[in-house]
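Hi,

Here is the structure I promised to pass on. Have a look at it first, and then read my notes below.

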Amino acid sequence: MEAWDCPVRAVPGFGPKRSKMLEKLNIRTLSDALRCYPRGYEDRTNVLPIARLQAGEKAAVRAVVGVEPSVHRVRKGLELTKLRIFDESGVLELVYFNNRYGAAQLRQGHEYIFYGRVEHSGRVKAMYAPSYEPVQPEQTGGRIVPVYPLTAGLRQSDLLRLTDVALSRSSGQIEDPLPTALRDKYGLPDLDSTLRQIHRPVSLAQTGLARRRLMFEELLLFSCGVQRLRQARTQEKGLTFPETGLDGFWQAIGFLPTQAQRRAVADVAQDVAAGKPMNRLVQGDVGSGKTVVAAALCMLAVQNGWQAAVMAPTEILAAQHTVWLQKVFAPLGVSVVQMTGSMTARAHNAVQQAILDRTAQIVVGTHALIQEKVQFANLGAIVVDEQHRFGVAQRTALRHKGQTPHTLVMSATPIPRTLALLLYGDLDVSIIDELPPGRTPVKTYAVGEAMRPRIQAFMEKQIAAGGQVYVVCPLVEEGESGLKSAEAYAHTLQSALPGRRIGVLHGRMRPDAKRQMMARFSGGNLDVLVATTVIEVGVNVPNANLMVVEDADRFGLSQLHQLRGRVGRGRRESYCILFGADKGQAAQDRLRVLTRTNDGFEIARADLAQRGPGEFFGKRQHGLPAFQTVDPTAELALVQCAQKEAEQLYAQDPTLAAYPALAARVEGLFRDDSVLN
Ligand code: ADP
Ligand code: MG
């Protein structure tokens, strides 16, 4: 802690009680207070004459209190405090609810600046519960007032007082992590004036520049962190797998690999033979056949005497991988076992034993693989499937089950290149940009309720022809009005499809029940599977050729693309029906995107453009870290600059010796992986 910095408790007026409340905002010290940025500003500089106030707008007025506040008890629990204020141009009524003390400090005949929303109150204009401050001698206009995030018990005035202390003590004391040269190059203010303009704005334009500087700082720090990870990795010694022949493996998979699959596998084979730990991302659209690359890495590990682990985000997916890998590897004499959270203790112990005595060579599982008690004998390679479902910490935990094992992460989530660099800057990337032959694009239709009878007839027709149907509903139980729950839905559907075998699958079912249901569907013993989005990732039933999504407008486009990817996996002509097109123009426009294209990248771009970055940026979907000041999807140009500068800094000065303040911040960044999760 720097000399000027101290715990909040040590600041006069902030006892244990208030310090506890501040902790809820992650403020423990004065420097924390400086990094607790206002969530907005009230611009009280634009002081209007009362006569010019417009109802519905927020505004500031400078006015004199005409009559003392009077308290009106409207009914039990509702007390109004009313008063009137005036200036040269007119009179305004003020109303406070259940807060007679809020207005009690206002003195008749004194002048204040009031700020609030203007409303009509009968024939006069009014402000409800405006904030106010006394006019200082010589003051002409109002101020720009920061609005801080609060928790129960804290008031704006507490944060204002605390940041006052922090600003005055820190002034000239904090070392700026941004190198001067970069500040000059991008015309950004130094840290001192940045913090001042953030907490005590003089003009909103200057505060805007200060915010950009904080955004750039955060992106630069992150990019430096990624550079540092990358650097550390290239210095690490890794396992060498010299035996890279894969002829037997290609025979065993039972189809001809695509050129793109061959290229990705060649990348992997080259990495693992090079003596450095591989850290590679395989990115490919749904159905592009990424699992083959995973299997090839397992093969390379095993034929060089090492074990391999494959981690999938759901039990359904883990089970599916196990089945396919067993089919491929059994003829090669390689054993594949499965470890999931729902196994009995006994089964778990048996698998653990097999892993330790090395009779298990490939281990497939869920998060269960990274539990502390699970141990490997000689883990040489790991695969993380659908990597965006896992945090970096989970990926790292699996790596620590071996000594710098080769790591392959796989993702179907297409994101713009700039963001990919930000996210995966420490990874090498192989792209599978080709689908296996014989796939016909899924025919997609966005429809409304009026089409329901025809869609049901279409379902019947597909089933009669030997196909299978998925129906996806957003919720499990009948919750929000009008939404179809999986179970209730299946019930209704049964009467529309008499005699057809309908199953239900949702996240609240027990894992073995889920597995059984999935097995019935993939074995052809169900005609329709009504499911929640548990089937979103990876599920592969080639005979299924119709996907119906209810309330599709409630899903993200990329998520719908993933869902659609469950069909079109076999020889049957496949269809995707999206209900929800009758819910307004916006919904219709969104769903239309999917009817137009099958290209995951284009869909991701449209998703980004339509939903706005905030939602696209949801961590769960894309595994992006949470930034405090910046939304990278909205600031691609800034992201690019930060990346370029970080790269150059590290190229010139690998330990950042010339920038100790920056180096110190980068050092703290990934200490516990928390920033990345
Ligand atoms: P994803 O990239 O979505 O994980 P999968 O690995 O699950 O895709 O592959 C989708 C389906 O395509 C599987 O049934 C798989 O066996 C099949 N497949 C993969 N590669 C080929 C290929 N080269 N030729 C034919 N079928 C393939
Ligand atoms: Mg997959």
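A quick definition to start with: a residue is near a molecule if one of its heavy atoms lies within 4 Å of it. There are 16 residues around ligand 1, and Gly287, Lys290, Thr291, Arg439 and Asn540 come nearest.

Before going further, the background. This is a predicted model, where local features need pLDDT of at least 70 and side-chain atom pairs count only at pLDDT 80 or more, while totals for chains, interfaces and linings use all residues. Residues are numbered from 1 along each chain as its sequence is written, chains are lettered from A and ligands numbered from 1 in the order in which they are written, and side-chain values use heavy atoms, with hydrogens and water left out.

Back to the ligand. Leu256 puts a backbone N or O atom 2.8 Å from a nitrogen atom of ligand 1, and a polar backbone atom of Gly289 is 3.0 Å from an oxygen atom of ligand 1. From Asn540, a polar side-chain atom lies 2.7 Å from an oxygen atom of ligand 1. Ligand 1 taken alone exposes 560 Å², of which the protein buries 86% (accessible areas are Shrake-Rupley, 1.4 Å probe).

As for the whole chain, 24 helices and 22 strands make up its secondary structure (DSSP runs numbered from the N terminus: helices are H or I with at least four residues, strands are E with at least two). The C-alpha atoms fill a box of roughly 95 × 70 × 45 Å along the principal axes. Of the 677 residues, 52% count as buried (buried is under 20% relative accessible area, exposed over 50%, partly exposed in between, with a 1.4 Å probe and protein chains only).

Ser430 sits in strand β16, residues 428–432, and counts as buried because its relative accessibility is 3%. Its side chain makes a polar contact of 2.7 Å with the side chain of Asp267 (a pair of N or O atoms within 3.5 Å; within protein, one must be able to donate a hydrogen and the other to accept it, and residues adjacent in sequence count only if both atoms are side-chain atoms).

Ser31 is in helix α2, residues 30–34, and counts as partly exposed, with 23% relative accessibility. Its side chain has a polar contact of 3.1 Å with that of Thr29.

Cheers
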